Amino acid sequence: MKIIHLLFILLFSSTVFAQTKLSKKELDALPNTVENQFIKAYGKASNWQQYKMITRTDFQVLQKNILDSVASLKTNLKSKQEQISTQESSITALNEKINTLTNDLNSAIDKEDKINFLGIGMTKSSYNIALWSIIITLALIMLFFMFKFKSSNSLTKQAKSNLAEIEQEFELHRKKSLEKEQKLRRQLQDEINKQRGV
């Protein structure tokens, strides 16, 4: 109610100071706005000493029009506030949806950037480094074992050739010792035969 009185006083005082003398025809020709209604009421009012007097019917019409305008403004304001509330709730819902979508996007990007390797979540770069480290390590181990195999294979070949030489030497030595033994037996037999024949 205070707002209505304040609005009424404000509008009335602004129109009074800004008003110029208008004829009755000009007053009736003015559009039907709140400001023009104040001007019409002031223009139709009669003077008494330093006061302006408005008829009761003009005042009631003016009051009714102003109250209608205020009620219309309140309704308009209420609808605008409801619209603002609806838009704010819509904005809140959209912001929540944006946050959800952002979180989903971030988790999808994380999943896209990560690879499970031996049950461990790794980034692609870490996975590449680990994989190439394993490949290089296995290649070095393979080269080491190939070198060891080659060296032991050459040692084995050399040992086999040495063994073959030793076996040949042994066979030769055995033959020689067999021949020597046979020769000694013959000599012994000859000596025995000589001793018996004597």
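Here are some notes on the predicted model above, point by point.

1. Ground rules. Since the model is predicted, local features need pLDDT of at least 70 and side-chain atom pairs count only at pLDDT 80 or more, while totals for chains, interfaces and linings use all residues. Residues are numbered from 1 along each chain as its sequence is written, and side-chain values use heavy atoms, with hydrogens and water left out.

2. Overall layout. The chain has five helices and four strands, which run α-α-α-β-β-α-β-β-α from the N terminus. Helices (H or I, at least four residues) and strands (E, at least two) are DSSP runs, numbered from the N terminus. Of the 198 residues, 8% count as buried. Buried here is under 20% relative accessible area, exposed is over 50%, and partly exposed is in between (1.4 Å probe, protein chains only).

3. The core. Which residues make up the largest nonpolar core? They are Phe-38, Ala-41, Leu-62, Ile-66 and Val-70, five in all. For the term itself: a nonpolar core is a set of buried Ala, Val, Leu, Ile, Met, Phe, Trp, Tyr and Cys residues joined through side-chain atoms within 4.5 Å.

4. Helix H4. The 58 residues of H4 should span 86 Å at 1.5 Å a residue, and its end C-alpha atoms are 83 Å apart, which agrees. (The expected span is 1.5 Å times one less than the number of residues.) The buried residues of H4 are Leu-62, Ile-66 and Val-70. Leu-62 counts as buried because its relative accessibility is 3%; its C-alpha atom is separated by 8.4 Å from that of Val-34, 28 residues apart along the chain.

5. Salt bridges. The structure holds three, each being a side-chain nitrogen of Lys or Arg within 4 Å of a carboxyl oxygen of Asp or Glu. In H4, Asp-68 and Lys-64 sit four residues apart, about one turn of the helix, with their closest N and O atoms 3.3 Å apart. Asp-68 is partly exposed at 41% relative accessibility.

6. Arg-174 and Glu-171 both lie in helix H5, three residues apart, and their closest N and O atoms are 2.4 Å apart. Arg-174 is partly exposed at 39%, as is Glu-171 at 30%. Further along, Glu-181 and Arg-185 meet at 3.0 Å, N to O; they are four residues apart in H5, so about one helical turn separates them. Glu-181 counts as partly exposed at 38%, whereas Arg-185 counts as exposed at 54%.

7. The aromatic pair. A search of the whole structure finds one. The rings of Phe-144 and Phe-145 have centres 5.6 Å apart and planes at 65°, so the pair is edge-to-face. Rings of Phe, Tyr and Trp (its six-membered ring) pair if their centres lie within 6.5 Å; planes under 30 degrees apart are stacked, over 60 edge-to-face and the rest tilted. Phe-144 is partly exposed at 45%, while Phe-145 is exposed at 52%.

8. A surface patch. Trp-132, Ile-135, Ile-136, Leu-140, Met-142, Leu-143 and Met-146 make a nonpolar patch of about 750 Å². Patch residues have over 30% relative accessible area and no salt bridge; like charges are joined within 9 Å, nonpolar side chains (Val, Leu, Ile, Met, Phe, Trp, Tyr) within 5 Å. Accessible areas come from the Shrake-Rupley method with a 1.4 Å probe; for residues, only the protein chains shown count as cover. Met-146 lies in helix H5 (residues 124–197) and is partly exposed at 49%.
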